[in-house]
Amino acid sequence: MSFKKVSVIGLGYIGLPTAAVVASRGIEVVGVDVNPKAVDTINQGNIHIVEPDLDIVVRGVVSTGNLRATTQPEPAEAFMIAVPTPFKEGHSPDLSYIEAAANAIAPVLEKGNLVILESTSPVGATEKLAAWLKAARPDLTFPQDSGDAADIKVAHCPERVLPGYVLQELVANDRVIGGLSKACSEKAVELYKTFVRGECIITNARTAEMAKLTENSFRDVNIAFANELSMISDKLKINVWELIRLANRHPRVNILNPGPGVGGHCIAVDPWFIVDSCPEEAKIIRQARLTNDSKPHYVIEQVAKAADEFKRPVIACLGLAFKADIDDLRESPALQIVEELASKNIGQIFAVEPNVESIPERLVHAGVEQMTLEGAIERANIIVVLVDHKQFKETDSKQLATKVVIDTRGIF
């Protein structure tokens, strides 16, 4: 095995599972994160995020010494960068986390090292990463100048896993690997083959970057169709869930389920990277984003209309996460809806989120009260289903017979 020590930069929803899986293959892994609390938690064999079975794997690899966390990078043979890539005002990509990661690892880089960007990135980001590394380490050669002979190999391999199934998909899914040279790609494949059972498919860095953006934009466009269909159905007094079920009986039709919007760090963000790169050409992709971003406001209007029917509206909002059975609130339309409802002061608001210990402080300051599912259903006269958590699906619908139910997930 040519890789004896690997460093993972960023120990969040992708970085920590990746570090744990690599460490489970007997490789020494050093995880690096700027959050001291997360570092301490991991070094105790615990986890700071919700992901099925991750706690078991982390506990195991920490106890064997194969995984440890730190706030400062140290020398390794390969560096896997898994930091956030949000967007700035105007939906332009924010690459500051990648640049910070580059500057952090540059002092410890050594000839023969491999640097992989896993963060979902706009086209050209891997080239920028290589440029930042070169600027910080002019004593080393990089593939943009030296090709296959470069001292440091640089590649892009976007994560493509589903929250809730990350451990399985890290191993089972195919990986698209785009190096800045042929030798960069081959070196990256060598690393991924230590833990990936799926196929490792080689392309160039720009195509690898665009592949991930395309995957998520495809999903976004199809969700936008479903969300638009749900609003049309409401206006025409048609049950959208029955409509989709019937339409999907056609052998070549597969409409997705609508919801309160689109959230998370990928689907709600990545299409904007394409729009930013090619604003004149990305017309459908832009409109899909606008449609999905408008859906939370549509739900808020429905709730406000229902609240007008009560002298003292009490609204139970079920779910804050961006998808079912996880604790991830990033870009969550459910969180946005609850926050905006609270700002409108249309009634008392309870938030039910079984996957977090406490709701965000800004909700508390806005007067939102965290409540158990049972308590919220008992006290509320309006129930708003925003996330299809398993706990909500197990609710007896008879308990809701006297309530006004706005079900954006179709579980009732």
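The legends below describe close-up views of a predicted model. Local features need pLDDT of at least 70 and side-chain atom pairs count only at pLDDT 80 or more, while totals for chains, interfaces and linings use all residues. Residues are numbered from 1 along each chain as its sequence is written, and side-chain values use heavy atoms, with hydrogens and water left out.

**View 1. Packing of helix H9 against helix H12**. H9 covers residues 205-235 and H12 covers residues 283-307; helices (H or I, at least four residues) and strands (E, at least two) are DSSP runs, numbered from the N terminus. The two axes lie 8 Å apart at an angle of about 40 degrees. Axes are lines fitted to C-alpha atoms, for helices over the stretch in contact, and angles run from 0 to 180 degrees between N-to-C directions. H9 and H12 are therefore oblique to each other (angles under 35 degrees count as roughly parallel, over 145 as roughly antiparallel, 65 to 115 as roughly perpendicular and the rest as oblique). Their crossing is left-handed, a term used if the near helix is turned anticlockwise from the far one by less than a right angle, with right-handed used if clockwise. Residues of H9 in contact (heavy atoms within 4.5 Å) include Asp220, Ile223, Asn227 and Met231, and those of H12 include Ile285, Arg289, Asn292 and Tyr298. By class, the contact of H9 with H12 has eight nonpolar, seven polar and five charged residues. Ala, Val, Leu, Ile, Met, Phe, Trp, Tyr, Cys and Pro count as nonpolar, Asp, Glu, Lys and Arg as charged, and the others, Gly among them, as polar.

**View 2. Helix H11 beside helix H12**. H11 (residues 270-277) packs on H12 at about 140 degrees, and the axes are 9 Å apart. That angle makes H11 oblique to H12. The crossing of H11 with H12 is left-handed. Pro271, Trp272, Ile274 and Val275 of H11 meet Ile285, Arg286, Arg289, Leu290 and Asp293 of H12. This contact has six nonpolar, no polar and three charged residues.

**View 3. Crossing of helices H4 and H5**. The axes of H4 and H5 (residues 125-136) come within 9 Å and cross at roughly 35 degrees. H4 passes H5 in a right-handed crossing. From H4, the contact uses Ile98, Glu99, Ala102, Asn103 and Ile105; from H5, Leu129, Trp132, Leu133 and Ala136. Seven of the contact residues are nonpolar, one is polar and one is charged.

**View 4. Asn113 in the loop between helix H4 and strand S5**. H4 spans 96-105 and S5 spans 114-117. Asn113 counts as buried because its relative accessibility is 4% (buried means under 20% relative accessible area, exposed over 50%, partly exposed in between; 1.4 Å probe, protein chains only). A polar atom of the Asn113 side chain lies 2.8 Å from the backbone nitrogen of Glu110. Leaving out residues up to four places away in sequence, Asn113 touches Ala76, Glu77, Phe79, Val108, Asp151, Ile152 and Lys153.

View 5. Asn345 is exposed, with a relative accessible area of 67%.

Note on methods. A polar contact is a pair of N or O atoms within 3.5 Å; within protein, one must be able to donate a hydrogen and the other to accept it, and residues adjacent in sequence count only if both atoms are side-chain atoms.
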